[in-house]
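This report describes a pocket, a helix and a core in one protein. Please keep the sequence and the structure in view while reading.

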Amino acid sequence: MPAASGEMQLVSRALAREGGAFRTIIKTHNQRLYRIARSVVRNDSEAEDIVQEAYVRAFAQLGDFRGESSLATWLSRIVINEALGRLRKRRRTVAMPQSLQAEIIKFPLNPSDDPERTMAQRQILELVERATDRLPDVYRTVFVARVIEGLSIDETAALLDVRPETVKTRLHRARALVRKALDDQIGPVLLDAFPFAGRRCERLTAAVMQRLGFRD
């Protein structure tokens, strides 16, 4: 999907070194890029670092953005490349212990919720994350992009540089694996999985802005 005129204007403002444009781009895409990075590396802090590095790289290459795809897709490809590069480096240099388990994000829950409901929600969300983290790499990124992030089949295919039919096949298998792991408890809770807001979003935004030479 080509970039909208509003996105091109935003890019032009960023190329003119307008701080507000950079901040808007970062805050608009933080959540999606974080989810995608985490789907590859399965580690909270490393995903943040990947997104920060990807932003710096993207902004250095912003003049190459021609609007042939949306800004979100363009940024997501940079994040995936950065994440996969980290993963390859990790596998070359570190022998992964058999007992290593992915970290689980602690979800912010509404304190006004009924305590029993809150506990049940937390347990289900942890099941969702565990099931997602245990998916094989080839299925996990498709599952996060398509189901959790809500990208279309074509957008996911463009993002991962595969055919739409491949996305459908991988997604079908990923859903089957997740359903088996969760005993049919997925449904609407996926919409709340892998949040990226509040302090985490502000921290990453501030870090990228500082690296770009902007001071609040």
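## Pocket, helix and core

The second largest pocket holds about 260 Å³ of space. Its lining has 14 residues, and those closest to its centre are Ile80, Leu84, Thr141, Leu160 and Arg170. A pocket here is an open set of points on a 1 Å grid over the protein atoms alone, where a 1.4 Å probe fits, with protein on both sides within 12 Å along at least five of seven lines; lining residues have an atom within 4 Å of a point. The volume is the space filled by probe spheres set on the points.

The model is predicted: local features need pLDDT of at least 70 and side-chain atom pairs count only at pLDDT 80 or more, while totals for chains, interfaces and linings use all residues. Residues are numbered from 1 along each chain, and side-chain values use heavy atoms, without hydrogens and water.

Helices are DSSP runs (H or I, at least four residues), numbered from the N terminus. With five residues, α6 gives the most to this lining. The second largest pocket lies between domain 1 (1-92) and domain 2 (112-215), because both give residues to its lining. The domain bounds come from an automatic or database assignment.

Helix α3 (residues 44-60) has 17 residues and spans 25 Å from first to last C-alpha, close to the expected 24 Å, which is 1.5 Å times one less than the number of residues.

Technical notes: Helix = DSSP H or I, 4+ residues; strand = E, 2+ residues; numbered from the N terminus.
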